[in-house]
Amino acid sequence: SDRSELTLDPNLDTYYLWDMLIAGLTPSTEYAGQLTGIGASAAARGPIKPEEAARIQLVAQQLQQANKVTSRAFSKIVEANASLRPLIEGSFTAADGALNSFASVSIRDMGRAGDAGSDAGTYFERGTAAIDAGRLLYEAANRALQTRLQEYVSEMTRQQWLQLGTALLIVALVGFIGFNIGQGISRQVD
């Protein structure tokens, strides 16, 4: 769809920044928050119950899937506009590592019924760190998007003035030609 221009935004960098923010990071941080609450409360109670293990597995897998959307969007963003890489790469690397690590730890340490799980406090801190990393990437991507949109507005304003100048030039040219034609006819009649 990128090559055929079927994406909704003709500028691929802003399209994938939106995709990262809405389809990737928003669900990732939501799933990380759910996983933090479910896992920490399960760990605090003791051996993990089958329904808790199933829920942890499901939410951790959802987190992994949402994080894949974020990773794909990041790749597309820097492919479309390499100048955005320094604005978001550090935050992306930190968030990608923290969110994927948290999902993996959740599956490994908390995703089996009967396991003692992790220490509730440590697990909660790890989840909170993953959420914070996602939030920092969200902020960096949002700043990059705002920058690009401001550039587009400036370019559109420049194009608007150029079009207005061209239109005025055409009107002046038509007026000049019309005036000269009128002068020529007047001289022939005289």
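Helix H2 passes helix H3 in a left-handed crossing, a crossing being left-handed if the near helix is turned anticlockwise from the far one by less than a right angle, and right-handed if clockwise. Helices here are DSSP runs (H or I, at least four residues), numbered from the N terminus. The model is predicted, so local features need pLDDT of at least 70 and side-chain atom pairs count only at pLDDT 80 or more, while totals for chains, interfaces and linings use all residues. Residues are numbered from 1 along each chain as its sequence is written, and side-chain values use heavy atoms, with hydrogens and water left out.

Two packed helices are described by the angle between their axes and the distance between the axes. For H2 and H3 the angle is about 160 degrees and the axes are 9 Å apart. The axes are lines fitted to C-alpha atoms, for helices over the stretch in contact, and angles run from 0 to 180 degrees between N-to-C directions. H2 and H3 are therefore roughly antiparallel to each other (angles under 35 degrees count as roughly parallel, over 145 as roughly antiparallel, 65 to 115 as roughly perpendicular and the rest as oblique).

H3 in turn packs against H4. Their axes come within 8 Å and cross at roughly 150 degrees. That makes H3 roughly antiparallel to H4, and H3 passes H4 in a left-handed crossing.

Aromatic side chains come next. The structure holds three aromatic pairs; rings of Phe, Tyr and Trp (its six-membered ring) pair if their centres lie within 6.5 Å, and planes under 30 degrees apart count as stacked, over 60 as edge-to-face and the rest as tilted. One of the pairs is Tyr15 with Tyr16, which is edge-to-face because the ring centres are 4.9 Å apart and the planes stand at 85 degrees. Tyr15 is partly exposed, at 26% relative accessible area, whereas Tyr16 is buried at 5% (buried means under 20% relative accessible area, exposed over 50%, partly exposed in between, with a 1.4 Å probe and protein chains only).

Phe74 and Phe92 form a stacked pair, with 4.1 Å from centre to centre and 5 degrees between the planes. This pair links distant parts of the chain, since Phe74 belongs to H2 (residues 50-80) and Phe92 to H3 (residues 85-110), 18 residues apart. Phe74 is buried at 7% relative accessibility, and Phe92 is buried at 11%.

Glu51 is also in H2. Glu51 is exposed, with a relative accessible area of 54%. From Glu51 to Phe92 there are 41 residues in sequence and 33 Å in space, C-alpha to C-alpha.

Helix H1 covers residues 12-45, which is 34 residues, and reaches 48 Å from its first C-alpha to its last, close to the 50 Å expected at 1.5 Å a residue. The expected span is 1.5 Å times one less than the number of residues. H1 has a kink of about 35 degrees at Leu25, shortly before the proline Pro27; the bend at a residue is the angle between axes fitted to the seven residues ending there and the seven starting there. After H1 comes Gly46, with a positive phi near 125 degrees.

The loop between H3 and H4 (120-189) contains Gly114, which is exposed at 52% relative accessible area. Gly114 and Pro50 are 64 residues apart in sequence, but 7.4 Å apart in space, C-alpha to C-alpha. Arg135, in H4, is partly exposed at 38%.

Conventions
Helices (H or I, at least four residues) and strands (E, at least two) are DSSP runs, numbered from the N terminus.
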